[in-house]
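Dear colleague,

Please find below the sequence and structure that I am handing over to you. My notes on the model follow directly after it.

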Amino acid sequence: MAITRREGLHALAGLATAALPGASAAAATLADDASTGTAPAGGLQALAATRGLRVGSCFAWSRPDADRGSFANPAYAALLLRDCGLLVPENEMKWQAIRPSATRFDLARLDAMIDWADEARLPVRGHNLLWHQPKWMPAWEETHDFGANPSRAAHDLLVTHVDTVCKRYGARIRSYDVVNEAVNPADGTLYDTALSRALGSPQATLDLAFHAARAAAPHAQLVYNDYMSWEPGNATHRAGVLRLLEGFKARGVPVDALGVQSHLVTQGVDARASVQALEGEWRRFLDAVTAMGYGLVVTELDVRDNALPADIAVRDRAVAEFTRGYLDIMLSYPSLRDVLLWGMTDRYSWIEGFEPRKDKLPRRPCPYDAAFRAKPMRAAIAAAIAAAPPRA
Ligand code: G3I
């Protein structure tokens, strides 16, 4: 019987997992998970495909022996190969990673990731071409000398960036977060950076990024990606994003979809009640976005287990129910076809480092736990996908 390249990679991942200290338990539990009763019978992507959907995750680059959420970590690769139909580099396409100076690009790690994904026949989204905040631009950019004609120099700096990435990967990348998090959640205005000051305004900078992306990657879905969410405290952020999207439409800027990051935050033990309380206002936002003709992509789903007790079973149940309620709403919008998780396992989630729990207990934001065992959240994602109206 012929073995596909993907099956070959999967087999290799399994073999290597067994040889990796500390990861053999993960390999065992991938096949079965008695602790939660949520044994993954088939991959999430296999299920998603029956609904015309794709499910995916971020992934990282690392050395082969590193305990990271990387394709080169066989235990993590096995999760990607089991459940995903789409991948996105967590950090390796950001300016900070690939643009060490105005004149240099370093794409070696990104190349390696995309080569691996190609080998596995897994499409890759691009994240991102411009994270438009001073904090997330490389340090050199904020002190860059834009010279005698700053507007021209800034234009060239940005267009060169978009061109270099889009043309290098060509049709291998069919969806980009062109602009990431340009709206200040505190007041809904657009952030300035040294780049946008040189170019004249943040609006001109964002518009240029999208026009340059359309020219360099005419085949690709172009996404504005942000973390305005449905929990209380996000109204100003949502309003700012709506204003930005209205402006893009009015000016004819080529933006195809809103990336709804979906870094969710549980509101209490009764997650169904939370969903009911949040649904109305959230739908009004999504309705306004889709009424303008934008598609939706869930780009970075994970769940912060706030306002929940220490008990793991209680936390996992609330996270799963919150996720299910959220995905049911999102999947009721027919333009939504792609759901990406911001990590498959709690072991490598960014949240632990950025916002630990107040009681210092490890966070549980992902569908697999730190030992790679499937959690109720995985079953909730599978159930939401299974219940989704099929796409053509
Ligand atoms: O790789 C370096 C390492 O060499 C160095 O020793 C270490 C010391 O701090 O830093 C490492 O880089 C870190 C990188 O993650 C890789 O682990 C950066 O400090 C850290 O800031 C970076 O955080 C990432 C963050 O974006 C900022 O880029 C998170 O992993 C990543 O999950 C997070 O992702 C963002 C999305 O891009 C946009 N939406 C929100 C989301 C969560 O914040």
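The buried residues of H11 are His237, Arg238, Gly240, Val241, Leu242, Leu244, Leu245, Gly247 and Phe248. Here buried means under 20% relative accessible area, exposed means over 50%, and partly exposed lies in between (1.4 Å probe, protein chains only). Helices (H or I, at least four residues) and strands (E, at least two) are DSSP runs, numbered from the N terminus.

This is a predicted model, in which local features need pLDDT of at least 70 and side-chain atom pairs count only at pLDDT 80 or more, while totals for chains, interfaces and linings use all residues. Residues are numbered from 1 along each chain as its sequence is written, and side-chain values use heavy atoms, with hydrogens and water left out.

The cover over the buried residues of H11 includes helix H10 (202-216), strand E5 (221-226), strand E6 (257-260) and helix H12 (271-291). The end C-alpha atoms of H11 are 24 Å apart, which agrees with the 24 Å that its 17 residues should span at 1.5 Å a residue; the expected span is 1.5 Å times one less than the number of residues. After H11 comes Gly252, with a positive phi near 70°.

Arg243 belongs to H11 (residues 235-251) and is partly exposed, at a relative accessible area of 47%. Leaving aside neighbours within four places in sequence, Arg243 is in contact (heavy atoms within 4.5 Å) with Asp187 and Gly188. Its C-alpha atom is separated by 9.8 Å from that of Val183, 60 residues apart along the chain.

**The chain as a whole**

The protein chain has 15 helices and 9 strands. Of its 392 residues, 56% count as buried. Among contacts with a separation of 6 or more, 79% are between residues 24 or more positions apart. The chain exposes about 15,500 Å², of which carbon and sulfur atoms supply 56%; accessible areas come from the Shrake-Rupley method with a 1.4 Å probe, and for residues only the protein chains shown count as cover.

**The ligand**

Which residues come nearest to the ligand? Of the 14 residues around the ligand (a heavy atom within 4 Å), they are Glu90, Lys94, His127, Glu181 and Glu300. The shell divides into 5 nonpolar, 5 polar and 4 charged residues. In this count Ala, Val, Leu, Ile, Met, Phe, Trp, Tyr, Cys and Pro are nonpolar, Asp, Glu, Lys and Arg are charged, and the others, Gly among them, are polar.

A side-chain N or O atom of Lys94 is 2.7 Å from an oxygen atom of the ligand. Nitrogen atoms of the ligand lie 2.7 Å from a polar side-chain atom of Glu181 and 3.0 Å from a polar side-chain atom of Gln261. Taken alone the ligand exposes 790 Å², and the protein buries 54% of that.

In H13, 14 of the 20 residues are buried, and the helix is mostly covered. The end C-alpha atoms of H13 are 28 Å apart, in agreement with the 28 Å that should be spanned at 1.5 Å a residue. Asp311 caps the N-terminal end of H13, with a side-chain oxygen 3.0 Å from the backbone nitrogen of Ala313. Arg315 is placed in H13 (residues 312-331) and counts as buried, at 2% relative accessibility. Beyond neighbours within four places in sequence, the contacts of Arg315 include Asp305, Leu308, Arg357 and Arg364.

H15 (residues 376-387) has 12 residues and reaches 16 Å from its first C-alpha to its last, close to the 16 Å expected. Its buried residues are Met377, Arg378, Ala380, Ile381, Ala382, Ala384 and Ile385. H13 is one of the elements that cover them, and strand E8 (295-304) is another.

**Backbone points to inspect**

Most residues other than glycine have a negative phi, and most peptide bonds are trans. The peptide bond from His127 to Asn128 is cis, with omega near -5°; Asn128 lies in strand E3 (residues 124-131). Ser262, in the loop between E6 and strand E7 (263-265), has a positive phi near 70° and is buried at 2% relative accessibility. Phe372 also has a positive phi, near 70°. Phe372 is found in the loop between helix H14 (351-354) and H15 and counts as buried at 3% relative accessibility.

With kind regards

Note on methods:
A polar contact is a pair of N or O atoms within 3.5 Å; within protein, one must be able to donate a hydrogen and the other to accept it, and residues adjacent in sequence count only if both atoms are side-chain atoms.
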